[in-house]
Amino acid sequence: MPVEVTWWGHATCTVEDSGVRFLTDPLFARRLAHLRRRRGAPPPPEAAAAEAVLVSHLHSDHLHLPSLARLAPGTRLLVPRGAPAAVPGLRRLERSGLRLTEVEAGDEVTVEGVTVRAVPARHDGRRLPVGPHRAPALGYVVEGGARTYFAGDTGLFDGMAEAVGPVDVALLPVGGWGPYLGPGHLDAGRAAEALAELSPAAAVPVHYGTYWPIGLDGVRPHEFHSPGDEFVRHAARLAPKVAVHLLGHGERVRPEVAR
């Protein structure tokens with residue numbers, strides 16, 4: 001079993017490779033500011049169990065301090081370089097026992113024999129709604145028995161496949177949390193274009209169908225419900241050799257990869 005992927009909702013996944021668990025952008029809340037969780041129960045307590053956590057950027061639906069506070073002391077926490085200066089709460093978490101490591105694109109960190117490589121992303125990495133652009137948005141490639149790419153939030157960019165490198169499994173964002181996607185995001189069609197460039201053996205669509213603004217249930221509801229199915233359809237046309245695994249919240253898959 002080279003790798004097992006569990007999707008907990010939004011951008012939160014557990015990637016287990018070689019017996020080492022990695023948790024991406026943990027968000028365990030029923031409500032975050034103007035957003036509420038509309039589909040899938042919040043992840044169970046065991047979802048917070050990981051040897052390392054990969055934070056892609058500073059937006060609060062990806063770097064959520066209350067969710068990070070659920071991690072056990074000693075957990076390794078990888079964040080974009082400059083994140084603690086923009087989000088002082090990270091230092092409090094470090095004092096409570098988390099092992100904080102700042103990284104930038106090109107950096108590699110080894111966690112219990114598994115390598116994590118930070119790669120570029122095209123996205124606004126600021127801690128909004130205020131604050132200077134202090135930390136870049138990142139993706140990560142977990143390289144153990146398989147090479148698993150977690151894209152975080154990103155748009156398409158020139159040289160994407162070269163920057164990410166060869167991957168076996170791609171966890172790609174295909175939607176968002178509101179009626180409209182701004183720049184620096186992938187919708188289902190653009191995610192399928194990225195998939196065709198990356199050419200992994202398998203893919204899992206994420207970052208859709210979980211959170212939605214309170215009071216906007218009837219505004220462009222297809223942007224909430226349909227991105228996963230649309231990604232499957234576009235991927236079948238643009239990247240027919242890639243096995244796409246459409247997961248429900250809390251479901252897991254062991255993609256077949258050849259190494």
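Which residue in strand 7 is the bridge partner of valine 53? The bridge partner of valine 53 is leucine 77, and the report begins with the strands around this pair.

## Basis of the model

This is a predicted model, in which local features need pLDDT of at least 70 and side-chain atom pairs count only at pLDDT 80 or more, whereas totals for chains, interfaces and linings use all residues. Residues are numbered from 1 along each chain as its sequence is written, and side-chain values use heavy atoms, with hydrogens and water left out.

Helices (H or I, at least four residues) and strands (E, at least two) are DSSP runs numbered from the N terminus. Two strands are said to pair if DSSP finds at least two bridges between them. Strand 6 pairs with strand 7 in the parallel sense over three bridges. Strand 7 also pairs in the parallel sense with strand 8 (residues 99–103), over five bridges. There, leucine 78 has threonine 101 in strand 8 as its bridge partner.

Strand 7 (residues 76–80) is mostly covered, with five of its five residues buried; buried means under 20% relative accessible area, exposed over 50%, and partly exposed in between (1.4 Å probe, protein chains only).

Leucine 58 is located in the loop between strand 6 (52–54) and helix 1. With a relative accessible area of 1%, leucine 58 is buried. Contact means heavy atoms within 4.5 Å. Apart from neighbours within four places in sequence, leucine 58 is in contact with Leu63, Ala83, Ala86, Val87, Gly125, Arg126, Arg127 and Ala135. Between leucine 58 and glycine 184 the C-alpha to C-alpha distance is 14 Å, and the two are 126 residues apart in sequence.

Serine 67 belongs to helix 1 (residues 65–68) and is buried, with a relative accessible area of 1%. Its side chain makes a polar contact of 2.7 Å with the side chain of histidine 64. A polar contact is a pair of N or O atoms within 3.5 Å; within protein, one must be able to donate a hydrogen and the other to accept it, and residues adjacent in sequence count only if both atoms are side-chain atoms. Leaving aside neighbours within four places in sequence, serine 67 is in contact with Pro26, Leu27, Phe28 and Ala29.

An open sheet of seven strands has the order 9-10-11-12-13-14-16, with mixed pairing. Strand 9 (108–111) and strand 16 are the edge strands, each pairing on one side only. Within this sheet, strand 12 and strand 13 run parallel and are joined by three bridges. Phenylalanine 150 stands opposite leucine 171 in strand 13.

Helix 5 lies across strand 12, strand 13, strand 14 and strand 16, and runs at about 160° to strand 13. Axes here are lines fitted to C-alpha atoms, for helices over the stretch in contact, and angles run from 0 to 180 degrees between N-to-C directions. The buried residues of helix 5 (residues 188–198) are Ala188, Gly189, Ala191, Ala192, Ala194, Leu195 and Leu198. Among the elements they pack against are helix 4 (160–164) and helix 7 (227–238).

The N-terminal end of helix 5 is capped by aspartate 187, of which a side-chain oxygen lies 3.3 Å from the backbone nitrogen of glycine 189. Just after helix 5, serine 199 takes a positive phi of about 55°. The C-alpha atoms of serine 199 and proline 240 are separated by 9.8 Å, although the residues are 41 apart along the chain. Proline 240 is found in the loop between helix 7 and strand 16 and is exposed, with a relative accessible area of 60%.

## Aromatic pairs

Rings of Phe, Tyr and Trp (its six-membered ring) pair if their centres lie within 6.5 Å; planes under 30 degrees apart count as stacked, over 60 as edge-to-face and the rest as tilted. By this rule the count comes to two aromatic pairs. Tryptophan 7 and tyrosine 208 form a stacked pair, 5.3 Å centre to centre with 10° between the planes. This pair links distant parts of the chain, with tryptophan 7 in strand 1 (residues 3–9) and tyrosine 208 in the loop between strand 14 and strand 15 (211–213), 201 residues apart. Both tryptophan 7 and tyrosine 208 are buried.

Tryptophan 212 and phenylalanine 224 form an edge-to-face pair, 5.5 Å centre to centre with 75° between the planes. Tryptophan 212 lies in strand 15 and phenylalanine 224 in helix 6 (residues 222–225), twelve residues apart. Both tryptophan 212 and phenylalanine 224 are buried. Arginine 38 lies over the face of phenylalanine 224, at 4.6 Å from the ring centre; a charge sits over a ring if NZ of Lys or CZ of Arg is within 6 Å of the ring centre and within 35 degrees of the ring normal.
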